[in-house]
Amino acid sequence: MPDREVLETDVLIVGAGPAGLACAIHLHDACVQHNNLHPERKFDKPVIYVIEKGVSVGAHILSGAVMDPSGLDELIPDWKQQGAPVHQKVHEEEILMLTPKRAIHLPSPLIPPYLHNKGNYIISLGELTIWLAEQAKKRGIEILEGVPGAEFVTAGQQILGVRCGDTGVGKDGKNKSNFQAGAEIRAKVTVLAEGVRGSLTKQLTKYANLDNDRNPQIYALGVKEIWEIPEGAFPAGKVIHTLGFPLQKGPLEGYYLQEKDLGVMHTPIGVGLTATSSFGGSWIYGVDPTHISIGLVVGLDYKDPYIDPQYEFNRFKTHPYMRKLLEKGKLVSYGAKAIAEGGYYSMPRFYGDGFCIVGESASFLNAARLKGVHLAFKSGMLAAKAILEALEKKDFSARQLGRYEDYFQTSTAKDELYQYRNWRQGYAEGLASGAVNDMAQRLTKGKGFSDPLRIKADFELTERFGVHHPDFQGLTRYMPDGKLTFDKVTDIFNSGTNHAEDQPCHLKVPDLDLCVQRCTEEFGNPCQHFCPAGVYEWIQPTKVADIGIPDKGHLMINPGNCVHCKTCDIKDPYENITWTVPEGGGGPRYNKM
């Protein structure tokens with residue numbers, strides 16, 4: 001066994017996103033306040049470590065993002081005076097229904113109240129996270145960058161800390177000359193703030209049955225770009241959300257006409273690029289006078305295994321409305337991440353012996369409002385409050401840390417999430433039935449027609465390829481033009497993604513034969529489509545093997561392309577892909593995201 005440095009701390013936080021940093025900052029500030037108010041019960045300020053797998057804080061952070069400032073108001077009330085990068089208030093908003101050629105403005109009375117953004121801010125969550133890290137460091141909180149949490153240190157059901165990932169291991173699994181064993185960080189309380197589908201959170205959920213009797217988590221994939229545009233082309237502070245094209249198709253004739261106009265080559269009628277409507281929509285946010293954030297969110301409960309979210313995002317940009325907006329612009333940055341949309345009924349038990357789970361890892365996101373940042377802050381602060389009590393009592397059991405749950409149940413976060421507890425589930429069968437469910441839930445304070453409304457996991461809903469493409473003979477999607485639309489390789493370049501080449505593949509596919517023998521025939525190898533970064537490439541058969549058995553092709557994995565979106569871990573129909581942390585510092589290096 002390699003020699004590992006062992007570090008001891010009071011609290012270890014895995015992930016330097018908004019939830020983890022809010023937990024660290026609030027825990028420090030609450031301890032100072034406690035000692036000032038109760039000098040007779042004064043105790044030493046806790047030693048807090050935060051580890052972040054990205055090369056730097058903010059490198060892996062991606063969100064739309066229109067932020068409700070309530071969480072930041074509570075965490076750091078004087079954030080404006082402290083210089084937080086939160087400047088652009090929303091001053092105009094609308095919803096557009098897109099047909100293949102038109103953009104139809106929805107009248108205000110038809111816009112659900114939860115989509116109004118008065119008082120909210122358009123931000124770069126990456127820039128805000130960097131600022132939060134600076135506030136944490138001023139408080140003496142140690143932040144270790146480029147350090148991934150790889151596995152737990154345990155004693156029975158008790159979490160004792162985390163072993164960090166090793167560096168200097170070759171593709172062959174052998175240690176190189178620069179090998180260094182990751183440190184073992186032992187803590188009284190470990191806080192998982194890994195964001196969506198965290199690898200440690202996934203392990204712990206299974207290990208401790210944290211999702212017992214809960215709805216499975218359901219997800220969407222968000223694909224985003226930042227564009228630089230001429231001043232005056234789009235107002236700073238304007239927010240547009242859209243539905244319809246490209247995810248919900250209209251009449252078949254119009255759909256095919258539009259595709260033909262875009263130069264798409266088709267097989268016989270009946271085979272389309274989007275064979276079934278999918279849940280989701282797009283956004284356009286005026287970040288400042290010369291930059292906009294655009295993106296597409298695709299619900300991963302879609303049924304057609306041929307759907308490619310990155311491709312659908314490209315189609316969105318070819319809409320006449322978008323083409324006109326972007327024609328004189330320049331792409332600045334690209335990224336993608338999964339979004340945990342299950343809400344209240346998909347929340348795992350988020351505490352236990354020696355641990356708490358915060359932020360999107362614990363489903364603190366309101367899919368109806370398209371908001372999660374303020375809830376991430378709130379979850380970190382609620383956990384910090386419980387941890388402070390545990391430190392004072394020197395009791396780190398599930399019973400004591402369960403105070404986190406108690407605080408949540410009486411919080412504004414619980415009120416908000418409970419109000420929309422069945423919202424996303426109501427759209428599982430499509431936009432029309434979802435709209436009916438939505439109205440019923442608004443009239444019954446979230447209850448709707450069934451409470452709780454049960455759902456299946458996203459991977460279970462993928463249907464056989466032949467169901468959607470019975471006469472499939474091959475289809476060539478239109479070629480990106482390199483100005484408005486881009487291939488996945490170009491997008492990866494614009495995400496800043498970088499991984500050490502000589503390291504073990506962090507994407508584990510235990511049964512490669514299954515990919516060839518079953519997945520090709522049953523699902524058409526959907527990993528090559530759902531991955532927004534071209535990690536999974538299906539190599540078509542090129543020859544007949546010497547022994548006379550036809551070569552059926554094979555799966556090529558390009559781990560260096562991975563933007564850590566976690567879609568493969570979520571959507572593979574056999575659950576045959578497991579995402580694990582790569583060597584520290586690997587992954588995207590997002591700019592303004």
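The structure is a predicted model. Helix α1 (residues 18-37) packs against helix α3 (residues 125-138) and also against helix α8 (residues 373-393). An open sheet of 7 strands includes strand β16, and 7 of the 9 residues of β16 are buried.

**Helix α1 with helix α3**

- The axes of α1 and α3 are 10 Å apart, and the two helices pack at an angle of about 20°.
- Because angles under 35 degrees count as roughly parallel, α1 and α3 are described as roughly parallel to each other.
- The crossing of these two helices, α1 and α3, is left-handed.
- On the α1 side the contact involves P18, L21 and I25, which meet L125, T129, L132, A133, Q135 and A136 of α3.
- The residues of this contact between α1 and α3 comprise 7 nonpolar and 2 polar ones, with no charged residue.

**Helix α1 with helix α8**

- Helices α1 and α8 pack with their axes 7 Å apart, at an angle of about 45°.
- That angle makes α1 oblique to α8.
- The crossing of α1 and α8 is right-handed.
- From α1, the residues P18, A19, A22, C23, H26, L27, A30, C31 and H34 take part in the contact.
- By class, the contact of α1 with α8 has 15 nonpolar residues, 4 polar residues and 1 charged residue.

- Helix α14 (residues 488-495) lies across β14 (219-228) and β18, and α14 runs at about 95° to β18.

**Strand β16 and its partners**

- Strand β16 (residues 280-288) is mostly covered, with 7 of its 9 residues buried.
- Strand β15 (residues 238-244) pairs with β16 in the antiparallel sense over 4 bridges.
- Strand β17 (residues 291-299) runs antiparallel to β16, and 8 bridges join the two.
- Strands β16 and β17 form a hairpin, with 2 residues between them.
- Opposite residues in β17 are V297 for G281 and I294 for I284.

**Residue G17**

- G17 is found in the loop between β1 (6-14) and α1.
- The relative accessibility of G17 is 9%, so G17 counts as buried.
- Not counting residues up to four places away in sequence, G17 touches I61 and T129.
- G17 and A193 are 176 residues apart along the chain, and their C-alpha atoms are separated by 7.0 Å.

**Residue T205**

- T205 lies in helix α4 (residues 199-207).
- With a relative accessible area of 15%, T205 is buried.
- Leaving aside residues up to four places away in sequence, T205 touches L210 and D211.

How values were computed:
Residues numbered from 1 in each chain as written. Predicted model: local features only at pLDDT ≥ 70, side-chain atom pairs only at ≥ 80, totals over all residues. Heavy atoms only, no water. Axes fitted to C-alpha atoms, helices over the stretch in contact; angles between N-to-C directions. Parallel < 35°, antiparallel > 145°, perpendicular 65-115°, else oblique. Left-handed = near helix turned anticlockwise from the far one by under 90°. Contact = heavy atoms within 4.5 Å. Nonpolar A, V, L, I, M, F, W, Y, C, P; charged D, E, K, R; others polar. Buried < 20%, exposed > 50% of the residue type's maximum accessible area, 1.4 Å probe, protein only. Pairing = 2+ DSSP bridges.
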